[in-house]
Amino acid sequence: MAGKEGPEPCKCPKDSSDVLSMEMYLAAKHGDLKKIREYLRKGNDVNAQDEDSCTLLASACVTGRIEVVRFLQKIPELHRNIADWTGDTPLMHAARMGHKEVVEELLKRPHQCCLDVEALNNYEDTALSIAVASNRRDIVKLLKETKLPPAIQFHPDSQDALVPYRPRAVEVTFECPICLEKYDTNERRPRSLSCGHTHCTECITQLIYQYSGWVTCAFCRRQHSTRVDAAAKVPVNYAIDEILQQQQY
C-alpha cells in the first residue's frame, strides 16, 4: 500500500491559532479560488479549522474541488493530515466521496508535509478501508499501488505561496516547475521569462494576480524584466511549443 515504504508522515499540528469561518469553509466547498486567495493574502492561516476541526483542504476534498486542492498544495505551510472531529483526514474524505482525481493529486504531489496514508480515524478506519467499504475500486487501486513522493524543500526566505525552491540547476522538461503539470497548447502553454526559464500560462496568470504583475522565476528566483497584466504578454517558448504541436498530429 502507498506509504508503507515511503517517507515518514508529517506530524501535523492538531490546533490552529485561526478559526475558519463558515464563509471560507463554503468558499473551499464551492471552489471559490478568488476568495481563498484573498483570505490567505491577508495573512490568515491556511490550516485554520472550523468548529468541527475542518480545514480548507478538507472542505475541498469533500466536494472534489481539484482546483482548490492543487492551489493549496502549492503553499509550503499547508498541513495535509489534519483530522476533523471524527478523525477523518482530507485523504479519507476524498476516498469516501469517490473523488479519484483529488486522491491522485494528494498521493502524487510532492510537498514538505508528507501524506499519512496509514492514519486511523475514530472508528479505526484508514483511507483504504474507507474506499473498500464505499466500493471505490479505482481509489482502492490508487491507494494500494501509488508510491508516495519524497518531501520537497521550499525556499526558507520565500513568501511566494506558489513557487517551490529548486536548489540545483534543472534540465528542460515538459512539465511546469510550479504546478508540475505537463505543458500543453492551451491553459498550460509554455512561456519564457526574461531569465530564460519556462513556466506554464496558468501559473504565470496566478502569479500575475497574486503579485500585481510581477512574476518571479521558480528556478533562479529572478523577477521578470517587466510588469505584465496578462500571461499572453510573456513570450511563448516556441522550442517546446513546436514539439507539443507536432505531438498532436
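What share of the contacts in the chain with a separation of 6 or more comes from residues 24 or more positions apart? It's 66%, and the views below pick out some salt bridges in this predicted model.

**View 1. The whole chain, for orientation.** Of the 249 residues, 47% are buried. The accessible surface is about 13,000 Å², with carbon and sulfur atoms making up 48% of that. The salt bridge count is 12.

**View 2. Glu23 pairs with Lys35.** Here the closest N and O atoms sit 3.4 Å apart. Glu23 belongs to helix H1 (residues 22-29) and Lys35 to helix H2 (residues 33-41), so the pair links parts of the chain 12 residues apart. Lys35 is partly exposed, at 31% relative accessibility.

**View 3. Arg70 reaches Glu181.** This salt bridge spans 3.6 Å, N to O. It ties together distant parts of the chain, 111 residues apart: Arg70 is in helix H4 (residues 66-72), while Glu181 lies in the loop between helix H8 (137-145) and strand S1 (190-192). Both ends are partly exposed, with Arg70 at 23% relative accessible area and Glu181 at 21%.

**View 4. Zoom out from Arg70 and Glu181 to a network.** The two residues join Glu101, Glu105 and Arg109 in a network of salt bridges.

**View 5. Lys233 and Asp229 make a salt bridge.** The closest N and O atoms are 2.9 Å apart. Lys233 and Asp229 are both exposed.

Key: Residues numbered from 1 in each chain as written. Predicted model: local features only at pLDDT ≥ 70, side-chain atom pairs only at ≥ 80, totals over all residues. Heavy atoms only, no water. Buried < 20%, exposed > 50% of the residue type's maximum accessible area, 1.4 Å probe, protein only. Contact = heavy atoms within 4.5 Å. Areas by Shrake-Rupley, 256 points an atom, 1.4 Å probe, with all protein chains shown as cover. Salt bridge = Lys/Arg side-chain N within 4 Å of Asp/Glu carboxyl O. Helix = DSSP H or I, 4+ residues; strand = E, 2+ residues; numbered from the N terminus.
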